[in-house]
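This briefing sets out selected structural features for use in computational work. Topics are grouped below, with each criterion stated where it is needed.

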Amino acid sequence: MLKTSDNTLDPDDWPAFRAQGHQMLDDMLDYLEHLRTQPVWQPQPQAVRGTFRQQLDDSPGDLAETHDLFMKTILPYAVGNTHPGFMGWVHGGGTPVGMLADMLAAGLNANLGGRDQAPVELERQLVQWVRGLFGFPETAGGLLVSGTSMANLISVLIARTALLGASVRRTGIAASTQRLVAYTSTSAHLSIAQAMDIAGIGSDALRMIPVNGDYQMDVAALAEAIAADKQAGLTPFFIAATVGTVDVGAIDPLSAIAEFARREKLWFHVDGAYGALAILAPDLAPRLQGIGLADSLAFDFHKWGQVPYDAGFILVRDSRQQLDTFASPAAYLMRETRGLAAGSPWPCDLGPELSRSFRALKTWFTIKVYGAEKLGHIIANTCLLAQHLEQRIAASPQLELLAPVALNIVCFRYRSADANRINAEITVAVQESGIAAPSTTLLHGKLAIRAAIVNHRTTADDIDALVNAVLDFGNRLTTQAQDNR
Ligand SMILES: *Cc1c(COP(=O)(O)O)cnc(C)c1O
C-alpha cells in the first residue's frame, strides 16, 4: 500500500518510491529495447478484459502491484504502433526520448493555457520553427492541439469568422443570409466533414471533388463545382487540400489550388496531417511546393514526426484572424504587463481550449535531440521501404499493386477469383499472427491490403515478413477454398 501522510498525496517514504519509479522506468525501457521479441498485436483474452469490469474500490492500493497490473493486462494488449511490424494505420512509433520528455512534463504539471511562464515561451519557439519550415510570414501564428482533427476544425472556424466577421461568434451562422460551402476531395479525411458539422455549417455543405488516377483533387472539377455553387447563389469560402491522403498517400496539386483560391478569394487550407512533415526530407520537400501559400495548415507531430501522442499543430497565416476567432477581447486586451498574468496573447486566445498540456516539451525534445535532418531521413526512409514493398509485389505473380505509391503507403492484394473476401481474411490472419499489422481499404470497389509505413523502427526485413505472411496465408486460404469445392 502506498503510504502517504494524512492530507497529502506525496509518498511518506521517498527512497522506496524512488526505487519503484526507477523500476517502472526500466520496465518501459526494456519494453522499447525488446519490442521485436513481442507480437505486433495480440487479442485480449476474456480474462484480461474482465479485469476492467470491477467495482470502484475506495481503499488505497499498492504502486508496485498496480504497475504489475499495467505490465500484465495493459501493455501487451495495446494497438502495437510502437512495433516495427505495425503498418495498419498512419500511427507514429513514438521514441524513448519523447517518452522521457513526457515524464518530465507530467512532473512539472504545467498548464499551457497562458500566463508568463517558460513552457509557453517554448511553445512559441516551436511556432517560430514551424513558421520557418513551411515558409510562412512573421505574421503567422500557431498552436499545438490534440491532432489534425482539431486543427481542421479550428481552420474552418477561422475561415468562417474571416468571411462573416467576428459578430458571427455572437449571432451564429444562421443569422447570415449567406449559405457557406466548402470543398475537399473524395480522398480527404473524414475530419474535414466533421469540422463542417461541428462548426454548424453542416457536412452537406462540403463538396467532395473527384480525384484523378493518382488520387489527387481534380482542379478542373473544383472550378466547375465552385462556379455552379456561385450560380446557385451559394457562398464558396473554404478549400481543403490534402498532403498525404489516408488511403494512398496522395498529394493534391497545392500550387494550382492555391492560385485558384487566391483568384476566387477563398480560404486555402492544407490538411497535411502526416504528409506535411515531408518538408524535412530534401528529396520530398519539392513535392510540397505551394504549401507555404496556405491560409492555414494542419499537421501532426505524432505521425511521421514520431512524437508520442498527442501532438497536432495548426499554423495560421495571419494570426490576427486566429485571435479574432477565439480570443475574448475583454480578457486578453486587459491583461497585466507584469507579473504572472502578463505575456498576452496566450495560447487560450488562439483556440478553444483553456487548460492545455505541455505538448511542446516532448516535441521540442524530439527535434532538439534527434535533429530535424535525422527526422527527415527517417521520413524519407519509410518511403524507400514503400518502394521496396512495391518491388516485392511486382516480383510476386500472386500479388498486384492497387494504387500508385506516392509516399509511404502501399495498397495491394493477393490475386484470387474471390479477392475481396480472401484479402479481408488474409489481413485478419496476418494481424492475428502477430507478424505484422496491415489494414484494409476499398479502392474503386476493390479491397486492398494497406501498408502505411510510418514507424522509424521498420526495416526491409519487416516488409519481407509482411509479404511472406500475405503470400503464406493467401496460398493457404485459396487452397482451402479449392479443397472445399
Ligand atoms: C490522421 C489524419 C487526420 C486526423 O488527425 P488526428 O491527429 O488523428 O486528429 C486528418 N487528416 C489526415 C489526412 C490524416 O491522415
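How many of the 8 residues of strand S4 (residues 235-242) are buried? In strand S4, 8 of the 8 residues are buried, so the strand is largely enclosed by the rest of the structure. Buried denotes under 20% relative accessible area, exposed over 50%, and partly exposed the range in between, with a 1.4 Å probe and protein chains only.

The model is predicted: local features need pLDDT of at least 70 and side-chain atom pairs count only at pLDDT 80 or more, while totals for chains, interfaces and linings use all residues. Residues are numbered from 1 along each chain as its sequence is written, and side-chain values use heavy atoms, with hydrogens and water left out.

**Strand S4 and its partners**

- Strand S2 (residues 180-185) runs parallel to S4 and is joined to it by 4 bridges; strands are DSSP runs of E with at least two residues, helices are runs of H or I with at least four, and both are numbered from the N terminus.
- Two strands count as paired if DSSP finds at least two bridges between them.
- Ile239 has Phe268 as its bridge partner in S5.

- Strand S9 (residues 409-414) and strand S11 (residues 446-452) run antiparallel and are joined by 4 bridges.
- Phe412 stands opposite Ile449 in S11.

**Surroundings of Asn423**

- Asn423 is placed in helix H15 (residues 419-433) and counts as buried, at 0% relative accessibility.
- Leaving aside neighbours within four places in sequence, Asn423 is in contact with Arg413, Tyr414, Leu447 and Ile449, where contact means heavy atoms within 4.5 Å.
- The C-alpha atoms of Asn423 and Leu477 are separated by 9.5 Å, the two residues being 54 residues apart along the chain.

**Salt bridges**

- Side chains of opposite charge can pair when their charged atoms come close.
- The count comes to 20 salt bridges, each defined as a side-chain nitrogen of Lys or Arg within 4 Å of a carboxyl oxygen of Asp or Glu.
- Asp464 forms a salt bridge with Arg392, with the closest N and O atoms 3.0 Å apart.
- Asp464 lies in helix H16 (residues 460-483) and Arg392 in helix H14, so this pair ties together parts that are 72 residues apart in sequence.
- Arg392 is partly exposed, with a relative accessible area of 22%.
- Arg476 and Asp472 form a salt bridge whose closest N and O atoms are 2.9 Å apart; both residues lie in helix H16, 4 residues apart, about one turn of the helix.
- Arg476 is partly exposed at 47% relative accessibility, and Asp472 is partly exposed with a relative accessible area of 35%.
- Arg124 and Glu121 meet through their side chains in a salt bridge (2.9 Å, N to O).
- Being 3 residues apart in helix H5 (residues 118-133), Arg124 and Glu121 are separated by about one helical turn.
- Arg124 counts as partly exposed at 30% relative accessibility, as does Glu121 at 42%.
- A network of salt bridges links Glu259, Arg262 and Arg263.
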